[in-house]
Amino acid sequence: MRKHTLSAICLTLAALSPLASAHQQGDWVVRGGLTTVAPDESSSNIIAGGTDLGVALTVDNNTQLGINVAYFLTDNINLELLAATPFKHDVNFSVSDPLGTGTQLGEVTHLPPSLTANYYFNDANSPFQPYVGAGVNYTIFFDEEFTGANSDAGLSDLSLDNSFGLTAQVGMDYIVDKKWHVNASVRFIDIDTDATFKVGEADGVVSDIEIDPWVYTISVGYTF
Ligand code: NI
């Protein structure tokens, strides 16, 4: 009797939870969620009109809607394109209010599309599907602007060079069913740039700005 009950429970459980299915060659995966870019920045000092102001830059975190699309070339390897709505970061002086214009220098907006090849360990019996990946990033900066106070103080024409660099990540899919999964990933992107601007008629520069962010994504994925 007891034996029968146990096997009945097992059968019921088996019916309720279909075997976790790993990804397969030919799968297209689309994911949407939240992506946070947390810069681990450093820069040289601000040089304005040939004078070293003795002040560097800091860059704040920003979170946006993250979207990625992946295609499985084999059961274990996919190619993934990461996209997002534009990230907008406050750029601050590294010391509080050095010019009498406040602590914020300005803000920059960027898009950091990244193409990554990922390797899945692919344990068919587990709902957890971890992977590691590496690839390339191209970061496009736009809408660079000084705060009103800094513009009033004579700063203008802020421009940041676009950046091409390497990226690496670890991530995991939690397989809910054949179609849906939940994804989490942590990615490092090497983003390096230089900033140029004007101080009145003179040139200004901040060179060797290493933004080098950690990028955290939580998303829901669907397999086609
Ligand atoms: Ni770097």
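Let me begin with the open sheet, in which five strands are arranged in the order β3-β2-β15-β14-β11 with antiparallel pairing. Its edge strands are β3, residues 51-52, and β11, residues 155-160, each of which pairs on one side only. Please keep in mind throughout that this is a predicted model. At one end of that order, β2, which covers residues 47-48, pairs with β3 in the antiparallel sense over two bridges, and Ile-47 stands opposite Asp-52 in β3.

Now to the metal site. The protein donors of the nickel ion come from Asp-190, Asp-192, Glu-210 and Asp-212, with Asp-212 listed for two OD donors, and they lie 1.9 to 2.6 Å from the ion. Along the chain these donors follow the spacing D-x1-D-x17-E-x1-D. Asp-190 sits in the loop between β13 (180-189) and β14 (192-199), while Asp-212 sits in the loop between β15 (202-210) and β16 (214-223), so the pair ties together parts that are 22 residues apart in sequence. As for accessibility, Asp-190 counts as partly exposed at 26%, whereas Asp-212 is buried, with a relative accessible area of 12%.

Next, the charged pairs. How many salt bridges does a search of the whole structure find? The search finds five, and I will go through some of them. The side chains of Asp-173 and Arg-31 meet in a salt bridge at 3.2 Å, N to O; because Asp-173 lies in strand β12 (residues 163-175) and Arg-31 in strand β1 (residues 28-38), this pair ties together parts that are 142 residues apart in sequence. Asp-173 is buried at 0% relative accessibility, and Arg-31 is buried at 1%.

Glu-80 forms a salt bridge with Arg-187, with the closest N and O atoms 2.8 Å apart, and this pair links strand β6 (residues 77-84) to strand β13 across 107 residues. Both Glu-80 and Arg-187 are buried. Moreover, Arg-31, Glu-80, Asp-173 and Arg-187 are linked in a network of salt bridges.

A further salt bridge joins Lys-88 and Glu-107, whose closest N and O atoms are 3.5 Å apart; Lys-88 is in strand β7 (residues 87-93) and Glu-107 in strand β8, so parts 19 residues apart in sequence are tied together. Here Lys-88 is partly exposed at 42% relative accessibility, while Glu-107 is buried at 18%.

I will finish with Val-108, which lies in strand β8, residues 104-111, and is buried with a relative accessible area of 4%. Leaving aside residues up to four places away in sequence, Val-108 touches several residues, among them Lys-88, Val-91, Phe-142 and Leu-160. Val-108 and Val-91 are 17 residues apart in sequence and 7.1 Å apart in space, C-alpha to C-alpha.

Conventions: Residues are numbered from 1 along each chain as its sequence is written. This is a predicted model: local features need pLDDT of at least 70, side-chain atom pairs count only at pLDDT 80 or more; totals for chains, interfaces and linings use all residues. Side-chain values use heavy atoms; hydrogens and water are left out. Donors are N, O and S atoms within 2.8 Å of the metal (3.2 Å for Na, K and Ca); water is not among the atoms, so sites may look incomplete. Helices (H or I, at least four residues) and strands (E, at least two) are DSSP runs, numbered from the N terminus. Buried means under 20% relative accessible area, exposed over 50%, partly exposed in between (1.4 Å probe, protein chains only). Two strands pair if DSSP finds at least two bridges between them. Contact means heavy atoms within 4.5 Å. A salt bridge is a side-chain nitrogen of Lys or Arg within 4 Å of a carboxyl oxygen of Asp or Glu.
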